[in-house]
Amino acid sequence: MAKFVLAGKTDCPYYAKAELLADTLQQCLPDFKIHKISILPDEWKEWLGATCEKNNWKHEGSPLVWRELVEQGGKGMLLGGFNDFLEHCQDYYGITSDMTTNVMLSVAAENLEAKMNLIKEEQHRASLIQPLHVWITGALNPTCQVLIPSLLSPEVFPNVSAISLHLLDLEGNEEQLQSLRLEIEELAISMLHQGEEVKKKKVKVISERYKEYGQRIDATAKETVKVIVSGDSFLNLRCSLLVDSARSIDSHQFIAAAAQLENEAKAVLGKKMRMRPSDITDVIVWGNISGTFYIDLQRAKVFNHDGPITGPAFFSQPLLSIFPDRKWLETDFQHLVRTRRLAVTSKTGQVAATSAANGILTVLKAWNGATDPDVLSSGVACPGHYSLPDGIVFSVPLTFTDGKWSVVSELTVENELKRIKVVIPNIDVQACYILHFHLCLHNTVTDTLKNRI
């Protein structure tokens with residue numbers, strides 16, 4: 001089979017003549033196939049340069065013709081321009097073109113008009129779709145490979161018909177992001193409107209990076225934007241930098257996800273109690289999600305517990321009332337939760353991508369109204385609640401209603417908060433950056449702290 005590719009400027013008369021000749025050959029010869037690429041005049045030079053560089057060809061002008069080696073594979077074989085294609089058709093097929101110059105010019109003008117009309121139609125169709133824009137930084141992180149297929153789902157975004165996915169990774173290269181985008185498109189998920197890689201200069205210092213993210217959110221995002229910060233380090237700090245840099249966006253639109261930590265605590269409890277972690281609810285995380293935190297079980301409930309008192313599936317019991325070893329809860333339990341993620345990572349040699357993705361999805365579903373958890377801990381800026389000062393992102397228990405969160409206020413937490421505040425001054429910077437938020441955000445942080453952040 002002979003498969004040719006004919007590319008040229010939309011308004012090029014020689015492209016028009018070669019196009020009609022190729023159509024004639026395709027109609028007459030069953031084994032002759034032509035693929036046509038029409039490029040707008042102002043885009044032709046850049047497209048031609050990139051194509052020739054990719055295939056190690058040398059060619060100038062329009063059109064450009066090459067043959068695809070269908071049976072052999074590999075890159076195409078350059079044929080040349082219009083004269084080369086015309087000569088090839090005469091030698092191999094005994095067919096030529098006698099199109100006059102006036103006709104060539106007329107067809108070229110029609111091609112350009114048809115191309116512009118097609119572009120306008122596509123733009124009009126695109127304007128009818130109002131996709132939800134989802135931006136992911138650190139897109140090459142293994143967590144995203146687990147997260148993205150589940151993200152493009154009505155279970156996460158109810159009442160959304162289309163999603164435009166924007167991928168950014170400052171550590172990876174452009175080719176890796178392109179490969180990820182192509183892989184996402186090959187999922188053939190109906191909700192995916194488009195995927196694109198976002199080019200950005202590298203910023204190594206975490207404080208500068210998240211200030212820049214915040215400024216970009218401030219400049220381009222709607223007031224209803226929802227921002228979720230996830231990861232293994234500096235969660236509260238990164239969220240706080242975003243809040244401070246995106247000054248036109250309400251701080252209620254930013255959340256540092258603590259759901260992964262909640263689930264890890266449930267897994268530790270489930271193993272100790274010999275029950276499913278999913279049957280344990282309302283575990284609360286106070287403090288610095290990726291540093292000094294406290295797991296609070298005062299509201300924790302247990303379902304389907306195999307004990308003296310049982311009931312139907314909806315029946316629950318307070319965890320503290322049935323847990324036999326209170327000393328273990330205050331000592332070993334807190335330590336096991338702090339070290340669980342590192343232990344899993346050390347054993348598997350991989351980051352806990354599935355757990356992290358599930359934590360993000362848990363927050364998204366609650367925030368978008370897809371689920372209705374009684375309590376979900378998250379790092380937020382909530383000055384005044386539990387005597388927290390302004391300028392600090394702190395993990396507290398939240399409830400979600402109609403796409404908005406509110407702090408659960410009827411809890412007795414003085415001892416837990418005092419515990420966190422007392423411990424913070426005695427630990428390293430990475431674990432205690434909550435203490436330094438206020439200083440950092442007002443540019444009075446010490447040089448030592450700057451270097452370590």
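How many disulfides does the structure hold? I looked this up before anything else, in what is a predicted model. The count is 0 disulfides.

**Entry: overall make-up**

I recorded 15 helices and 17 strands in the protein. The protein has 453 residues, and buried residues make up 44% of them. I also looked up how far apart in sequence the contacting residues lie. Taking contacts between residues at least 6 apart in sequence, I find that 65% join residues at least 24 apart.

**Entry: helices α1 and α3**

Two packed helices are described by the angle between their axes and the distance between the axes. I looked up both values for α1, residues 13–28, and α3, residues 82–93. The angle is about 25 degrees, and the axes are 10 Å apart. Angles under 35 degrees count as roughly parallel, and α1 and α3 are therefore roughly parallel to each other. The crossing of α1 past α3 is left-handed.

Which residues meet in this contact? From α1 I noted Y14, K17, A18, L21, A22 and L25. From α3 I noted F82, F85, L86, C89 and Y93. By class, the residues of this contact are 10 nonpolar, 1 charged and no polar.

**Entry: N111 in helix α4**

I located N111 in helix α4, which covers residues 101–128. Is N111 buried or exposed? Its relative accessibility is 18%, and the limit for buried is under 20%, so N111 counts as buried. I then listed its contacts, leaving aside neighbours within four places in sequence. N111 is in contact with T10, Y15, A16 and E19.

**Entry: helix α8**

How many of the 11 residues of α8 are buried? I find 10 of them, so this helix, residues 235–245, is largely enclosed by the rest of the structure. The buried residues of α8 are L235, N236, L237, R238, C239, S240, L241, L242, V243 and S245.

**Entry: backbone exceptions**

Most residues other than glycine have a negative phi, and most peptide bonds are trans. I searched for departures from both.

Which residues does a cis peptide bond join? The bond lies between S62 and P63, with omega about 5 degrees. I placed P63 in the loop between α2, residues 41–55, and β3, residues 64–68.

I noted R274 for a positive phi, near 60 degrees, in a residue other than glycine. R274 is in the loop between α9, residues 259–273, and β10, residues 280–281. Its relative accessibility is 82%, and R274 therefore counts as exposed.

D282 is not a glycine, yet has a positive phi of about 60 degrees. I found D282 in the loop between β10 and β11, the latter being residues 284–287. With a relative accessible area of 6%, D282 is buried.

Terms used. Residues are numbered from 1 along each chain as its sequence is written. This is a predicted model: local features need pLDDT of at least 70, side-chain atom pairs count only at pLDDT 80 or more; totals for chains, interfaces and linings use all residues. Side-chain values use heavy atoms; hydrogens and water are left out. Axes are lines fitted to C-alpha atoms, for helices over the stretch in contact, and angles run from 0 to 180 degrees between N-to-C directions. Helices (H or I, at least four residues) and strands (E, at least two) are DSSP runs, numbered from the N terminus. Angles under 35 degrees count as roughly parallel, over 145 as roughly antiparallel, 65 to 115 as roughly perpendicular and the rest as oblique. A crossing is left-handed if the near helix is turned anticlockwise from the far one by less than a right angle, and right-handed if clockwise. Contact means heavy atoms within 4.5 Å. Ala, Val, Leu, Ile, Met, Phe, Trp, Tyr, Cys and Pro count as nonpolar, Asp, Glu, Lys and Arg as charged, and the others, Gly among them, as polar. Buried means under 20% relative accessible area, exposed over 50%, partly exposed in between (1.4 Å probe, protein chains only). A disulfide is a pair of cysteine sulfur atoms within 2.5 Å.
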